[in-house]
Structures are given as C-alpha cells and as structure tokens.
Amino acid sequence: MRRRWMAAGAALVVLGTLAVGPPASAAPPPEQHCVVDVATEEMSCYDSFRKATAAASGGRITDAPDDAQAAAVDPAFRRLLSGDGRKLDGVGAAQQGFVAQADIVIGTMYEDDNYAGSTLTYRAPSGCTGPTTNVDWMVELITPDSWNDEIGSFLAGGGGCWVSLFEHRSWLGASTPFTSLDDELGALDDEASSIRWS
C-alpha cells in the first residue's frame, strides 16, 4: 500500500511539473554605459549614454543622444567628440580655456556590432600626436572582466586619436589596423583583450 502512495505521489509531481510549463524567459539586462580614465584606470558607470558622455567629456558634452547607437551615426555628435563645432554648455568665455584642457573622449567600445548595446568609453587628459607610428595611450587588458572578449564595434573619439584592438592582453595576437571606427570586427568580434590609441 505504501508503494502505491509513493508511486501516486511521484506521478502527481511529474504532472504538476508538466502543467506549469517552462519558465518564462528573463528580460535582457539593461544597457550599462561605463567610462574609464586611461591615466588613472578609474571607472564609473551610468544608466544612460548621455550621462556617460557628459562624465567622459568633463561636462563639455551634455546633450549627447541617450541612444548610443544613434549617437555613433550622428554627424553632429561626432563633430562634438572631435572638437569641431565645440559646444560649451553653460560655460562663459572666461572659462573656455579651462574647458579646452578637460578630459578628451578618445574612444567608445560597443558591446555589439553596428554600435549597439552597452558601451565602454575611454577618456584621457590629452589627445594623440597624429602619426600612427607611435602609441599615445594603451590598455594592456580590457577591464572589467565583463568587457574582455566582448567588444563588437568601436568609434574613436576626439584628440586626433585612432584605435587599434588586439586579440590578447599586452597587445599580442591578431589586431585591427589603426582606424577611427569599425562597425563589425570580423575575426576579432568578441575577441579583443587590449587596445592602443595613436
């Protein structure tokens, strides 16, 4: 008799499991937009691309699009990053010299192809010297770990900097040529571990 009750109980558990069905799929995690200072390696993260850009530019660019993908293809925003047509929100003429020395956005990494998904923006206290035969800024290993082997596209920022991604840490392995943007990394898609700017 006891075995019959156990068998009946087991059957009810199986039927109950089938009746419930598979769990609902979880919503994708919200996008996160982080800023890293290449000189100090300090990082801060924001819930919008606009806030991240304001922080990365030292408050120089306060009206970036909230949508990071829209920003990447917006010529007006790209001119602001490069310094052409500089907009100094809320800054008087006496302060413009100070703002010109503020942090420079040297590049934004995107989680997905075509400038989509979360972003990791790098800033530096100065831009790049111009020729791509030297290296002005570098990241030996992309951190945090959640960004190592996760970059799908990138956009160079201002200061005359161009970007080159490397497959492994310490600038080893396959690499992209120095360029100002790349919306699809091919063999290096989700494979980059270090960066150089020139």
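Strand E7 (residues 163-168) runs antiparallel to E10, and four bridges join the two. Strands here are DSSP runs of E with at least two residues, helices are runs of H or I with at least four, and both are numbered from the N terminus; two strands pair if DSSP finds at least two bridges between them. The model is predicted: local features need pLDDT of at least 70 and side-chain atom pairs count only at pLDDT 80 or more, whereas totals for chains, interfaces and linings use all residues. Residues are numbered from 1 along each chain as its sequence is written, and side-chain values use heavy atoms, with hydrogens and water left out.

Valine 163 has tryptophan 197 in E10 as its bridge partner. Strand E10 (residues 194-197) also pairs with strand E5 (residues 137-139), in the antiparallel sense and over three bridges; here methionine 138 has arginine 196 of E10 as its bridge partner. Three residues lie between the strands of the E7 and E8 hairpin, in which serine 170 takes a positive phi near 60 degrees.

## The six-stranded sheet

An open sheet of mixed pairing is formed by six strands in the order E2-E1-E4-E3-E6-E9. Strand E2 (43-46) and strand E9 (181-182) stand at the edges with a single partner strand each, so one side of each is left without a neighbour in the sheet. Strand E6 (residues 153-156) runs antiparallel to E9 and is joined to E9 by two bridges; phenylalanine 154 stands opposite aspartate 182 in E9.

Helix H2 (residues 49-56) lies across strand E1 (33-37), E2, strand E3 (104-112) and strand E4 (116-124), and runs at about 10 degrees to E4. Axes are lines fitted to C-alpha atoms, for helices over the stretch in contact (heavy atoms within 4.5 Å), and angles run from 0 to 180 degrees between N-to-C directions.

## The largest pocket

The largest pocket holds about 240 Å³ of space. A pocket is an open set of points on a 1 Å grid over the protein atoms alone, where a 1.4 Å probe fits, with protein on both sides within 12 Å along at least five of seven lines; lining residues have an atom within 4 Å of a point. The volume is the space filled by probe spheres set on the points.

Among the lining residues are Val36, Asp37, Tyr122, Met138 and Val139. Strands E1 and E5 each supply at least two residues of this lining.
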